[in-house]
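Morning. I have one structure to go through today, so please look at the screen.

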Amino acid sequence: DHVANQIAAGEVVQRPASVVKELLENSIDAGALEIKLILKEAGKTLVQVIDDGKGMSVTDARLSFERHATSKIRSAEDLFKLNTKGFRGEALASIAAIAHVELKTKQENDELGTCIVIEGSEVKSQNVVVTPKGTSVSVKNLFFNIPARRNFLKSNTVELRHVTDEFHRVALAHPNIAFSMFHNGGEQFSLPATNYRQRVVNIFGTKTNEKLVPVEEATEVLTVSGFVGKPEFSKKTKSEQFFFVNNRFVKSPYLNHAINAAFEGLLKDGYHPTYFLNLTVDPQTIDINIHPTKTEIKFDDEHTLYAILRSSVKHSLGQFNI
Ligand code: ADP
Ligand code: MG
């Protein structure tokens with residue numbers, strides 16, 4: 001079983017950023033309003049996420065490390081709804097298979113909480129502790145038992161960039177939640193709960209504010225809301241391109257093409273549009289369970305979505321006489 005856990009772990013966890021993503025999403029699923037991310041050495045030696053969500057009972061805390069122990073799917077039908085981020089029940093079990101994990105958690109009405117320490121899937125201790133409402137998960141020494149994986153990790157600069165990307169994606173998808181991020185003791189981001197526009201500005205800098213063109217469109221099959229950057233603020237990198245589908249960050253080369261098409265003739269050679277777009281579709285018309293890290297997505301009717309997206313972005317640019 002340890003081996004099975006380690007193999008599965010490699011699928012879910014590729015680098016510290018994968019741990020960050022899974023832990024942040026769990027906190028969001030738990031209804032947290034404030035989430036703190038603490039890192040050491042780009043997450044290689046520590047990724048800790050502290051939330052003020054609903055916490056877990058003693059039993060649930062112990063169960064949360066069992067493979068397929070998701071509390072989020074109650075029937076096969078739920079699989080198609082996927083209102084929550086997690087739906088595989090694999091993240092915590094996988095992470096615990098390849099790191100030193102400490103979980104502290106308490107539910108609102110409990111006086112005391114639970115602390116569980118697990119190393120390489122082995123429960124080292126379980127204690128009653130004094131801890132605030134919510135959950136803290138510390139993941140130390142990632143891949144301590146898989147040297148090949150550990151050696152495969154990139155420099156701290158590169159790994160921190162992946163972590164930051166993940167943090168940005170989650171923070172953009174949930175502007176109503178307060179997030180902070182600390183690295184080696186220093187505060188990297190402090191994002192108060194706010195609206196979407198302000199969240200974009202808080203992450204990408206105050207200069208971002210003047211470059212945003214609002215995009216709003218509501219059709220029967222697709223709702224679009226968010227911003228594209230004015231053409232003069234296009235970038236040589238694709239670092240400010242964000243699609244969220246039903247509050248989940250996704251990569252979609254096809255829909256990206258729709259944005260490029262809307263910007264046709266407006267950009268200098270080698271420049272890419274910036275965009276921060278939220279798409280809402282009927283969950284039954286998408287498939288997001290095609291990749292363990294869940295960033296890729298399949299749409300039933302992507303041609304229609306393409307057309308709507310392209311025309312709504314074009315329309316918005318037109319409104320700004322662009
Ligand atoms: P999944 O998110 O797919 O259900 P995970 O392995 O990520 O699987 O988590 C297992 C379970 O542990 C969750 O279903 C949830 O019940 C519980 N859990 C994990 N993180 C938290 C948290 N931050 N707050 C409350 N419960 C949590
Ligand atoms: Mg999860």
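There are 10 helices and 15 strands in this chain, where helices (H or I, at least four residues) and strands (E, at least two) are DSSP runs numbered from the N terminus. The model is predicted: local features need pLDDT of at least 70, side-chain atom pairs count only at pLDDT 80 or more, and totals for chains, interfaces and linings use all residues. Residues are numbered from 1 along each chain as its sequence is written, and chains are lettered from A and ligands numbered from 1 in the order in which they are written.

Next, the sheet. It is open, has 8 strands and mixed pairing, and the order is β5-β4-β3-β6-β2-β1-β7-β8; strands pair if DSSP finds at least two bridges between them. At the edges are β5 (122-129) and β8 (186-191), each with a single partner strand, so one side of each has no neighbour in the sheet. From one strand to the next, the twist averages 10 degrees. Strand β7 (residues 178-183) pairs with β8 in the antiparallel sense, over 5 bridges. In β8, S190 is the bridge partner of S180.

Now two helices. The axes of α2 (residues 16-29) and α7 (residues 156-173) come within 8 Å and cross at roughly 20 degrees; axes are lines fitted to C-alpha atoms, for helices over the stretch in contact, and angles run from 0 to 180 degrees between N-to-C directions. That makes α2 roughly parallel to α7, a label for angles under 35 degrees.

What does α2 lie across? It lies across β1 (34-40), β2 (46-51) and β6 (134-140), at about 10 degrees to β2; residues are in contact if their C-beta atoms, placed from the backbone, lie within 7 Å.

Definitions and conventions:
Angles under 35 degrees count as roughly parallel, over 145 as roughly antiparallel, 65 to 115 as roughly perpendicular and the rest as oblique. Two residues are in contact if their C-beta atoms, placed from the backbone, lie within 7 Å.
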